[in-house]
Amino acid sequence: MAGSRRSRIVRISTISVPILALAALGLPATQAQAGAAASARLIGTSAAATGAFTPSGSNDATQVEFPGEPDDAEGGPAPYPGTITDRSLSGGHGSSHSISARSGPKAKSNPQLGTSFEGLNLFQQRYARGGNQFTVEPPDQALCVGNGYVLEAVNDVLNVFDKQGNSVLPDNTATNVVSGHPTDVNHAVDLNSFFGYAPAINRATGVRAQNITDPVCLYDAATQRFFVAVLTLESRPNGSLTQQNHIDIAVSRTADPRGSWNIFTFDVTNDGTNTGGVNPGPYLGDYPHIGADANGIYITTNAYPWNANGFAGAQIYALSKAQLAAGAQNVTMAHLDTSGRVPVPSDAGSTQPGFTVWPAQSPGTGSFETAAGGTEYFMSSNAADEATHPVAGTGGDYTSSQVVVWALTNTSSLNTSSPALSLSNRVLASELYAIPPRAKQPGAGTAPTIATPQGHCINDTTTPTIAGVGCWRLLFNGEPAHDEVVSTPDSNDTRMQQVMYANGKLWGALDTAINPDGGAQRAGIAWFIVKPSVSGGSLSATMAMNGYLGHAGMDLTYPAIGVTPSGRGVMAFSYTGDTAYPSSGYTAIDALVGTGPVSTAAAGMAADDGFTSYKAQIGNPPRTRWGDYSAAAVDGNSVWIASEYVAHACDYATWGGRFFGASTGDNKLGTCAPSPGAAGPRTALGNWSTRVSQVTP
């Protein structure tokens, strides 16, 4: 979920922000059979439209900005102290549109950037549903494309665009009760509305509703349906979590995502293994991801015990795709726990749990694996605490030279009332990968300037404001320390990222430490192309190709690969650098020569200035949240990609606007909007955006 990276789960206290609007003043394969069949329940219908709410404004009962969700307040394991050199990388720095990253052969495809537009951003997230939302980062990127529509979801809003980047959802802006102007969120719909829940927070009363996080989606060409899944945490009215959590799946009733959707749910609270007697339930079904084959929709989660510092295994849920598409009242589902299913090659008889076992998506209708009664493939890695130890934080060097390939066979049995699935895996030798360092950005480690207005505000003690002298008074009830610095955005750990099965191969990538051309260590990408087979009655797999993508002076994070049926692929990612603000990037990838040059979908315009960057907001040390994942979706011969970047610059004076005594600007602090109700490029507490792009390889 937004916040989970390792299995240590602590509570982040909600933070009261005194002034955000003027109104606030007034090796061998392992194999096991599936667990007992269960079902996902149809609980209602919905649409991509904003639900009922009380407009946020002068009568707000609360200024709380952050949901009290489980999070990791620690920084995770230290970056890899060694060297992982990729000498195929050049040290050159190209133009703003194409940055050379390889001096060797280029991928056979030369991807062409087509439509590219700013997608959802933090302003839309915070002010959707009349402002009855929280400030959330990171966005957690979901993207699916089909039938002429581009559906994007993040924490915690959704939008549907045409292929030119125009929203096709109804105008759902709400009149701001302070200014009398509508708040323009470009038709974005909050996920609580989409899944049929009350507002995340009713700002007139302070009452909380369900806490939704980690959206994922896919368009299935075979059924002509869109699927959107989220992790939903049940909350008490005061915001405390009950520990009950469930996966909700929205399925469009036609190929048009503007119409009606069926909503299904299944509980994951008790799904996990009490490994070693130190991981008791109930569990959090964290980091859900989605895949599909000809017969099923597959959701995987990482199970963490709510009340202990540990890990309880990756969970796999296999659901009948035909029944979901048809809107069945009860959808056949099988649940498999991966605990104890990964053999340890160096220690005969020992096993490990699966961790972030990412299900594969396939392009079009003819790329599915049909052998062995229908097969869904997955990939995972095994360098993290969760994959190597029953209790997190118990040692290890967080490196690996292995990936795990999984096969779930006989998926055609999902079309029966008694599915009989079989799960197996193979551990394959791979290139070395390791925990990456944090990403760098211009100004990192120095005092925030007027170009990073939130950080500058926290440090400021001299600016006259409507709350008194010192900008910090607009953000805090009590005076903080004034020693914030520009942050180093979070790189991922070594968990597997988006997996594709296309052209008879599995494609996956993850974050790693890398030393481009033998130079200083940076965050980079390790990628893998595997040839799996179940045609002989059991799973076999070989590493067809693997390699690195990195660049001297830059950090590449959160990869996502999309591959066409012909085997031409595009890898999306975010990148930052010594002279590059957080940007949206991509490269070609194929199974002949690997990756091509690093290209820019959209260059970042400012440093990250999110609330998780500052210790006054979240504690010391802060951990600048970024990611947690990018997305890629194949549509015909094109690959659509989406990743996080900083789309707009905003200076300190514009950020403060009317709160600094100006006569123009928004009535909400920090939006940098030109007038009340206008769309802002950011909020007071963050400036993330997403970039959605069509790339033809």
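Leaving out neighbours within four places in sequence, Gln352 is in contact (heavy atoms within 4.5 Å) with Thr338, Gly340, Arg341, Val342, Val344, Asn382, Ala387 and Thr388. The model is predicted: local features need pLDDT of at least 70, side-chain atom pairs count only at pLDDT 80 or more, and totals for chains, interfaces and linings use all residues. Residues are numbered from 1 along each chain as its sequence is written, and side-chain values use heavy atoms, with hydrogens and water left out.

**Gln352**

- Gln352 belongs to strand β23 (residues 351–352); strands (E, at least two residues) are DSSP runs, numbered from the N terminus.
- Because its relative accessible area is 13%, Gln352 is buried (under 20% relative accessible area, with exposed over 50% and partly exposed in between; 1.4 Å probe, protein chains only).

**His246**

- Strand β16 (residues 241–252) holds His246.
- His246 counts as buried because its relative accessibility is 6%.
- The His246 side chain makes a polar contact of 2.8 Å with the side chain of Asp248, and another of 3.2 Å joins the side chains of His246 and Thr265.
- A polar contact is a pair of N or O atoms within 3.5 Å; within protein, one must be able to donate a hydrogen and the other to accept it, and residues adjacent in sequence count only if both atoms are side-chain atoms.
- Not counting residues up to four places away in sequence, His246 touches Tyr197, Val230, Leu231, Thr232, Glu234, Thr265, Phe266, Asp267 and Val268.

**Second largest cavity**

- The volume of the second largest cavity is about 160 Å³, taken as the space filled by probe spheres set on grid points joined across faces, edges and corners.
- Among its 20 lining residues, Pro67, Phe134, Ala200, Gln210 and Asn211 are the closest to the centre.
- A cavity is a set of points, on a 1 Å grid over the protein atoms alone, where a 1.4 Å probe fits but cannot get out; lining residues have an atom within 4 Å of a point.
- Strand β14 (residues 211–220) gives the most to this lining, with three residues.
- The lining divides into seven nonpolar, 10 polar and three charged residues (nonpolar: Ala, Val, Leu, Ile, Met, Phe, Trp, Tyr, Cys and Pro; charged: Asp, Glu, Lys and Arg; polar: the others, Gly among them).

**Four-stranded sheet**

- An open sheet of four strands runs in the order β8-β9-β10-β13 with antiparallel pairing; two strands pair if DSSP finds at least two bridges between them.
- Its edge strands, β8 (142–146) and β13 (189–190), each pair on one side only.
- Five bridges link β8 and β9 (residues 149–154) in the antiparallel sense.
- Cys144 stands opposite Leu151 in β9.

Methods. On a 1 Å grid over the protein atoms alone, a cavity is a set of points where a 1.4 Å probe fits but cannot get out, and a pocket is an open set with protein on both sides within 12 Å along at least five of seven lines; lining residues have an atom within 4 Å of a point.
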